[in-house]
Each structure stands twice: as structure tokens, then as C-alpha cells.
Amino acid sequence: MIALRVAVVGVGPRGLSVLQKIGELAGELPDGHTLDVHLIDPGDGGQGAHPARQPAHLLTNTVASQVSMFADGSGPSFTEWAVSAGYRAFGTTYHPTGDDSGAPVDEHAYLPRWLLGSYLSWVFDRTLGSLPETVRVVQHRDRAVDVEPVGNDRYAVRLARGFTVTVDYLFLTTGHCERVPTEEDRAHGEFVREHADRNPHLAYFSTPYPVDLLQRIAPQSTVAVQGFGLTAHDVISELTVGRGGTFHGTGPDTEYRPSGREPRILLFSRQCLPFSARGVNQKGVTGGHRARFFTPEAVRALRRIRPDGRLDFVEDVLPLLVKEMGYAYREAQQGRPVPPEGYELSEDERRIVEKLLDPLDGEEFADQSAFRRFFTDYVADDLAHAELGNLTSPVKAATDVIRDTRAALREAVEFGGLTPASHRIFNTVYVPVMNRVSFGPPRHRNHQLLALLRAGVVDLGGGPGGRLVPDREQGRYTVRTDYPGGAETRYADALVVARLDAFHPERDRSPLTSALLARGLVRPYRNGDFSPGGLDIDETGRPFTAQGTPLRGAWAVGYLVEGPRFYTHALPRHGIASQFIRDADAAVRDMVTDAHRRLRTAGASTLTHTHDPAREAEHAGADRTSVSVP
């Protein structure tokens with residue numbers, strides 16, 4: 001038997017998906033061949049950015065019943081697993097009781113992220129247990145720091161603790177990144193160091209993760225949180241519930257009772273607009289809006305009539321999306337199906353959709369108090385629509401279209417589908433808008449936000465166009481907003497940047513990424529003169545080298561390729577065809593095809609390795625044991 005050797009670098013959900021596909025497709029390898037699969041990750045198998053060891057107040061932002069690592073139904077969804085494992089709800093916490101105490105897990109629940117990590121590790125262990133005998137797995141609880149080509153299209157993967165794994169095939173699935181400090185980061189760090197004697201509470205956090213970092217923020221100090229999205233809700237939760245505060249009541253009656261250990265929280269961003277709450281799901285676990293106008297086929301038809309096949313998002317794509325949103329709005333408003341034949345977007349529907357995308361259009365605010373009233377009214381009105389549901393509320397039916405037509409967006413955007421100038425506008429203007437209106441938090445998070453505003457624990461640090469300015473005299477941060485009546489300023493001791501970094505290879509602090517770039521094995525993706533981020537790949541996931549040729553025997557999948565691909569971070573949905581799974585399938589099938597090619601062209605001798613299985617097992621050590629949480 002000849003063993004092909006494979007390294008999967010990064011064993012979060014994406015690496016786990018690759019491992020699942022390796023198990024499924026191992027039988028298609030050339031006769032007489034087995035696989036040695038080396039899983040390289042310092043964390044627990046499957047969990048990635050969802051560690052089981054994190055605070056219980058951090059929640060998933062997708063209804064748990066829609067999340068599944070078995071989108072084809074061959075295994076349980078997240079919710080089905082939680083129920084089968086005996087978990088019961090006790091208010092906002094979940095415990096595996098094995099009896100009828102507590103309440104059943106609701107299929108509409110947004111479960112804690114630590115529980116998602118436990119589910120992913122259970123899937124990981126189930127996958128290991130179901131692999132065919134022809135697949136041997138070695139887990140290296142270590143970090144890859146370099147990859148070197150070593151001849152015959154092989155790679156030597158060097159690990160942080162000094163071990164080297166030589167493989168025929170390489171899968172890069174390392175997920176989220178952490179940026180090297182920017183000029184702005186360095187300026188904030190220098191400001192804190194130089195002025196700490198004036199303000200002992202002065203602090204700067206370029207990222208809030210892991211959230212226990214935020215325990216350094218002093219009680220009763222003031223912290224400015226830059227951002228209103230899902231990351232900002234994590235920060236707010238850690239600084240309130242994580243400090244011992246409690247919420248009581250539900251819906252509009254939600255009340256916050258402080259512990260006394262909270263800081264005062266000021267929220268600000270460029271537009272200072274909140275993320276819209278998810279509507280009650282009335283579509284079922286696998287349901288979605290059936291697109292009539294904004295479809296992959298419609299996008300391909302547009303592309304065929306463009307001289308170079310490239311589209312302008314604002315001129316070509318956005319009108320289709322707006323029409324689809326207007327159509328969903330009308331169906332919900334009328335409470336019955338609307339024949340798509342002959343449907344035309346009315347001017348009222350156009351204005352409504354455009355206002356959903358840009359609520360500040362035509363709005364003016366005399367001062368911060370006026371903007372605060374607008375903000376709270378906006379959140380309350382959005383919550384009223386969310387409570388109606390994503391089929392009953394015309395607003396939520398319209399905004400849910402963005403989520404349900406992701407395939408058409410991918411068709412328009414991926415692999416240079418937009419002109420470079422339009423791609424830049426799409427990423428900087430429209431992606432944030434779509435995230436805000438369609439990919440927001442669970443409803444109760446925005447009810448909690450209003451309760452915190454009423455309690456005086458949270459306030460708005462500024463309004464649209466607010467600017468962050470360090471106050472060097474007082475050793476504090478200021479947020480200054482200009483209004484017709486004059487500028488208004490709010491002060492803070494600490495600053496938290498509440499956003500996730502986009503993956504730009506040249507800005508990633510990972511030694512592995514630096515080594516891959518230095519060796520010319522990968523290159524950053526570019527669409528003309530625009531650099532949206534991500535590694536440059538072909539459609540099977542093979543990275544392009546610095547010379548522009550596909551790297552043989554290697555694939556990059558997931559957030560690493562957010563740039564040539566679009567919206568790579570969403571987990572698979574139960575019962576729905578998933579790009580997440582298609583990416584893994586395409587890469588592993590390409591590996592199987594390449595194994596047959598190598599055997600035909602070079603013979604079995606090129607697939608023979610000299611390695612020491614006992615030494616590999618020794619390096620893996622006790623960390624090869626199961627990491628599932630019962």
C-alpha cells in the first residue's frame with residue numbers, strides 16, 4: 001500500500017469540512033493507495049473561532065436550527081445535536097441535564113457560541129470515528145509557521161515546536177486573521193504610553209478578542225466602542241453581563257440592572273447607525289425567498305452583453321436587487337403571492353427600499369439629542385417589524401432578500417466579476433449596508449441595547465460624521481460631531497475597535513502567511529488596481545504563485561480567499577446547498593484527480609515517502625485524544 005500524505009493547516013469548521021470530504025472521497029483514490037492526514041492546529045478540533053471555552057453570554061448570530069455541518073441531512077443540525085445531547089434551557093443558559101428540568105431547546109433560539117464549539121468538536125470526533133480504514137489521522141496540536149517546496153510537488157510543513165511534516169497535498173484553512181499593527185494602531189499605542197500618567201484608565205484595544213482582554217477596562221471609567229455591528233454587541237455584552245449586570249423582562253419591557261462594576265459605554269461609528277435585528281423566522285429551517293429577478297441566471301445574462309463581461313454593481317446589479325426587494329415587500333404587504341410576470345417596481349417601493357438601505361438620506365439633526373431620539377425611534381421601529389416576522393413584515397421580507405440571494409451576489413462579484421472601480425464601491429459602501437440591514441443581531445440584543453440606553457450604561461458617543469480625536473492635554477479620547485448648533489464632544493478613557501479584520505495577506509501577522517508570501521507560493525488577490533483582500537486562487541481553490549501559475553497540490557479555502565470569493569465566513573445551513581461545502585468538495589476532488597494524474601505520469605515511486613510514523617505519533621502526543629464535550 002502507498003500512503004499519500006496530506007496536511008490540513010487550520011482545523012476549524014473549514015478544515016473540518018475538508019476532513020469530511022476526504023472521508024467521503026477516499027474510496028475514489030487509485031487502487032492500493034491510502035491517506036495519511038496531518039491535522040495542524042493548536043486549538044481543539046473543529047472549533048476554530050468558536051472555542052468551547054468562552055463566556056456563555058456570547059451568542060451565535062444565526063438561528064441554531066439553521067446551522068449544520070451536515071447540510072445534506074446525514075447528521076444532526078446544531079439544535080438537533082443539542083437536544084440529543086440532553087441540553088435544556090434555564091433562562092439564557094444551557095445545561096445537559098438528561099432529564100425534563102428546564103425548558104426544551106427552542107428551534108428559534110440563538111444558542112451560545114461555546115455550545116457551537118462543542119457541537120463542532122462532536123462533529124470532528126464523529127468524523128474521525130467514521131473515516132475508512134484507508135485514512136490515518138495524526139493531530140498536531142501546534143502551529144504551522146512555514147511551508148517549503150521540497151521536490152516532486154511535495155511540501156515540508158514546519159511547525160512552531162520544531163517538527164516538520166512532509167506531504168504530497170496541502171490544504172490551507174486557517175480562518176480569521178489578526179492584522180499587523182497599522183500606523184493608526186501604533187499612534188494609539190504611543191498616545192496611551194505617553195499619557196498614562198495623566199489618566200490611569202487610558203487604554204486602547206485594536207481588537208476585543210478574546211473578550212477577557214476587556215476586563216482591563218476600569219469600572220466607572222468611560223469606554224468608546226467604535227462600531228455598531230455584531231462585534232460591538234459582543235463588547236457590550238462582556239462589559240455588562242460579563243461584569244455581573246442582569247437583564248429582566250422581555251421585548252420592550254426589557255430592563256437592565258447594573259452590578260456597579262460596568263464602565264460607561266459610548267458607541268460611535270462613521271454613520272452611527274445600528275444593525276437591524278433579525279426578523280422572527282417564518283420560513284422554516286430550510287425556507288428562503290424564491291428570487292424572480294435577482295438570480296444567478298439574470299447576472300450571467302447581463303454579463304453576456306458587456307464587452308468585457310464585467311459588471312458595474314450600481315448600474316447593473318443593484319437595480320435587480322432593489323427590484324427583488326420591492327417585490328418581496330409587495331408580497332408581504334398584500335399578504336398573498338404576486339405574479340412576477342409584469343411586475344414593475346413602483347416609485348413608492350423604490351423610495352422605501354432606498355430608505356432601508358440609507359436611513360440617513362434627507363435627515364438633518366440639530367444636535368446630539370435630536371440624533372439620539374432618531375436612533376432610539378429607529379431601533380424601536382425596526383424591532384416592531386422584526387417581531388412581525390420575515391414574511392409578515394414587508395420591511396423584514398425585503399431586507400431578508402439580501403440574505404436569500406447570496407448566490408446571485410456571488411455570481412456578480414466573485415473572480416473579478418465587477419470592474420475594479422465598482423468592486424471598490426461594492427466593498428466599501430454596499431457590503432457594510434447589506435451587513436447592517438440583513439445580517440444583524442438577534443432581536444433581544446437590540447431590546448437589550450434600548451434597555452442599556454434607558455439605564456444610562458450605554459449612550460451614543462456621537463452622530464453621523466463624528467470624529468475621534470485624542471485629547472493630549474487631558475489624556476483621554478474625544479468623539480466630536482458637528483451639528484448646525486455647534487460641535488458636541490463626548491469623552492472616553494478607553495477605546496475599543498469593534499470590528500473583525502479583513503484578511504489581507506500582506507497585513508497578516510501570521511508567520512505562515514509571511515513565509516508563503518516570501519517564498520512566492522501565494523500572492524494577494526487583485527482586481528485590477530483594487531485589492532479587496534484574500535489570496536488569489538483559481539475556481540478549484542488552488543493558490544496562484546507570485547509568477548501567476550496555480551500551485552500544484554495545494555488549496556486555500558474559507559476566509560483566506562475572501563476577495564476572489566464573497567461571503568466565505570457563513571457556516572452551512574441545514575438542508576440548503578452550501579458554497580461552504582462546495583468549496584471543500586471541489587478542492588478534495590481536485591486532489592483525487594491529481595493523485596490519479598501523478599500515478600499515470602510518474603508512477604508509484606514518486607508517491608513513496610520516507611517517514612517515521614512512531615516519531616510523528618510522539619510529536620502529536622496525548623493531544624490525539626478526543627476533545628468532544630459530552
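**Entry 1: H5 and H13**

I began with a crossing: helix H5 passes helix H13 in a left-handed way. For my own reference, left-handed means that the near helix is turned anticlockwise from the far one by less than a right angle, and right-handed means clockwise. Helices (H or I, at least four residues) and strands (E, at least two) are DSSP runs numbered from the N terminus.

A note on ground rules: this is a predicted model, with local features needing pLDDT of at least 70 and side-chain atom pairs counting only at pLDDT 80 or more, while totals for chains, interfaces and linings use all residues. Residues are numbered from 1 along each chain as its sequence is written, and side-chain values use heavy atoms, with hydrogens and water left out.

Back to the pair. H5 covers residues 230–240 and H13 covers residues 443–455; their axes come within 12 Å and cross at roughly 55°. That makes H5 oblique to H13. Axes here are lines fitted to C-alpha atoms, for helices over the stretch in contact, and angles run from 0 to 180 degrees between N-to-C directions. Under 35 degrees counts as roughly parallel, over 145 as roughly antiparallel, 65 to 115 as roughly perpendicular, and the rest as oblique.

Which residues make the contact? On the H5 side I listed His233, Ile236, Ser237 and Thr240, and on the H13 side Arg445, Asn446, Leu449 and Leu452. Contact means heavy atoms within 4.5 Å. By class, I noted 3 nonpolar, 4 polar and 1 charged residues in this contact. The classes are: Ala, Val, Leu, Ile, Met, Phe, Trp, Tyr, Cys and Pro as nonpolar, Asp, Glu, Lys and Arg as charged, and the others, Gly among them, as polar.

I also checked how covered H5 is: 10 of its 11 residues are buried. Buried means under 20% relative accessible area, exposed over 50%, and partly exposed in between (1.4 Å probe, protein chains only). The buried residues of H5 include His233, Ile236, Ser237 and Thr240.

**Entry 2: Tyr256**

Next I followed Thr240 to one of its partners. Tyrosine 256 lies in strand E13, residues 255–257, and at 5% relative accessibility it counts as buried. Leaving out residues up to four places away in sequence, tyrosine 256 touches Thr240 and Leu452, among others, and the list also includes Ala451, Ala455 and Val457.

**Entry 3: H1 and H3**

Then I turned to helix H1 (residues 13–25) and helix H3 (residues 113–130), whose axes come within 10 Å and cross at roughly 20°. H1 and H3 are therefore roughly parallel to each other. This crossing is left-handed.

Pro13, Leu16, Leu19 and Gln20 of H1 meet Leu120, Val123, Phe124, Thr127 and Leu128 of H3. By class, that contact has 7 nonpolar, 2 polar and no charged residues.

Is H1 enclosed or open? Buried residues make up 12 of its 13, so H1 is largely enclosed by the rest of the structure. One of the residues in H1 is serine 17, which is buried at a relative accessible area of 2%. Beyond its neighbours within four places in sequence, serine 17 is in contact with Met69, Phe580, Ile581 and Ala584.

**Entry 4: Asp316**

Aspartate 316 is found in helix H7, residues 313–334, and is buried, with a relative accessible area of 10%. Its contacts, apart from neighbours within four places in sequence, are Leu302, Arg306 and Leu311.

I found a cis peptide bond joining tyrosine 209 and proline 210, with omega about -10°. Proline 210 lies in the loop between strand E10 (203–205) and strand E11 (222–226).

Aspartate 153 has phi near 60°, a positive value in a residue other than glycine. Aspartate 153 sits in the loop between strands E6 (144–149) and E7 (155–159) and is partly exposed at 31%.
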